[in-house]
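This briefing is meant for a reader who is meeting the structure for the first time. Please look at the sequence and the model below before going on to the notes.

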Amino acid sequence: MSHHHRRLHHDAPVELAREILSRLPVKALVRFLCLSKSWCGLIKASDFMKMQLKHSNRDRTIIMIANDDPRQHSLVLLSHSKGINIVGYCDGLVCVHDDERKEIEIWNPLIRRCKRLPNKPIEKPFRSAEYVKPKFGFGYDPHNEDYKVMRPVEFFDGIKPVLDF
Amino acid sequence: MSNTSENPNPSSSSAKITLKTSDNELFEVEEAVAMKFCTVKQYFEDEKDNDVAARGSSTVIPLPNVHSAVLARLISYCKKLPQSNAVADNHEEEETKKKERKQYGTPGDLVDLISAANYLDFKEGLEFFNQALADHIQNKSVEYVRKFFGIKGDFEPHEEEKYREEYAWAFEGVDED
């Protein structure tokens, strides 16, 4: 068994290579996005992300540590102003709410990217309705296979419509 | 060489199955081990249906895609099969598992093991060796991985340059090829 330079592409279908790459940490995957156009598409595909998520929890552990450690906390989350609250976290994503700017952001610390959600005004059931300060929730919606931010709003007259972004 | 598996307990009556590799070596392995290879299991059960295996352990199962050196390593892996391939709960456990995976040699060796495990439809082994190979390439350069998987880079040089600048942090701490 002394044949050198054995490489996988001699006998491996793409599926095997995909299986192997899905076991890589996020940092390596960000690097390998520039392997080629087709591999970039493959790595960004939602089913690949699901595979990767299933195989890794080291990455998620880091998120937990960041949230437990106040210094890390301030480093990653509270850089631009106070009044930013963590709405929740799920699969390594952190959802934050900027109380001052009334903005919701979903932050992926592993790829260092942030997505700002459009600010939707609260629709009142009738013009004179009053409401208490809305609360937020963040989680994964398996039905739509996407992450979701909930904003339940309680109006004074007792109606509780649930608006989601 | 006939690779009769070393059984510490010769009086054990567990059934044996003979596997024949691409280089015509014969391996006599315990049925429990051989049945982990779904390809072998399928073959064995088909033979049973044909009433051939019923005559005893005379059946030889040919494995034309597996070399004896690779099969020997797969069988030894089976015998000390890690409890599970489940993702480690903590850092310490992960390091232990990593060390264990490192024992299975160079990327070239792993490619042989992965190809064989894939052919034999040996799920646990495939997962284990895939992870071992992933461990190996996780700190490698884009060029190394392109070469390894036979991928041709097709981004425009300026596109790639821009990407590498934007995500410079992901290109830090990469091993030498």
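In strand β4 of chain B, L63(B) is the bridge partner of T21(B), where strands are DSSP runs of E of at least two residues and helices are DSSP runs of H or I of at least four residues, both numbered from the N terminus. This is a predicted model, in which local features need pLDDT of at least 70 and side-chain atom pairs count only at pLDDT 80 or more, while totals for chains, interfaces and linings use all residues. Residues are numbered from 1 along each chain as its sequence is written, chains are lettered from A and ligands numbered from 1 in the order in which they are written, and side-chain values use heavy atoms, with hydrogens and water left out.

**Strands of chain B**

- The bridge between T21(B) and L63(B) belongs to the pairing of β2(B) with strand β4 (residues 60-63), which is parallel and has 4 bridges; two strands count as paired if DSSP finds at least two bridges between them.
- Strand β2 (residues 16-21) of chain B also pairs with strand β3 (residues 26-30) of chain B, in this case antiparallel and through 5 bridges, and within this pair L19(B) stands opposite F27(B).
- A hairpin is formed by β2(B) and β3(B), with 4 residues between them, and N24(B) in its turn has a positive phi of about 65°.

- Helix α4 (residues 91-102) of chain B has 12 residues and should span 16 Å at 1.5 Å a residue, which agrees with the 16 Å between its end C-alpha atoms; the expected span is 1.5 Å times one less than the number of residues.
- E94(B), K97(B) and R101(B) are buried in α4(B), buried meaning under 20% relative accessible area, exposed over 50% and partly exposed in between, with a 1.4 Å probe and protein chains only.
- The buried residues of α4(B) fall within an arc of 65° seen down its axis, so they line one face of the helix; the arc is that of the directions from the helix axis to the C-beta atoms.
- An α-helix has 3.6 residues a turn, so residues three or four places apart point the same way.
- On the face of α4(B) turned away from the buried side are the exposed residues E92(B), K99(B) and K102(B).
- In helix α5 (residues 107-119) of chain B, 10 of the 13 residues are buried, so the helix is largely enclosed by the rest of the structure.
- The buried residues of α5(B), among them L110(B), V111(B) and I114(B), pack against α1 (14-21) of chain A as well as α3 (68-79), α6 (123-137) and α7 (142-149) of chain B.
- Just after α5(B), D121(B) has a positive phi of about 55°.

- Chain A contains 6 helices and 7 strands, in the order α-α-α-α-α-α-β-β-β-β-β-β-β along the sequence, and 38% of its 165 residues are buried.
- Chain B contains 8 helices and 4 strands, and 41% of its 177 residues are buried.
- For contacts (heavy atoms within 4.5 Å) between residues at least 6 apart in sequence, 39% of those in chain A join residues at least 24 apart.

**A record for chain A**

- UniProt, in an unreviewed entry, places the feature "domain: F-box" at residues 13-48 of chain A, and such annotations may be inferred rather than shown by experiment.
- Residues 13-48 of chain A are 72% helix and 0% strand, with their end C-alpha atoms 16 Å apart.
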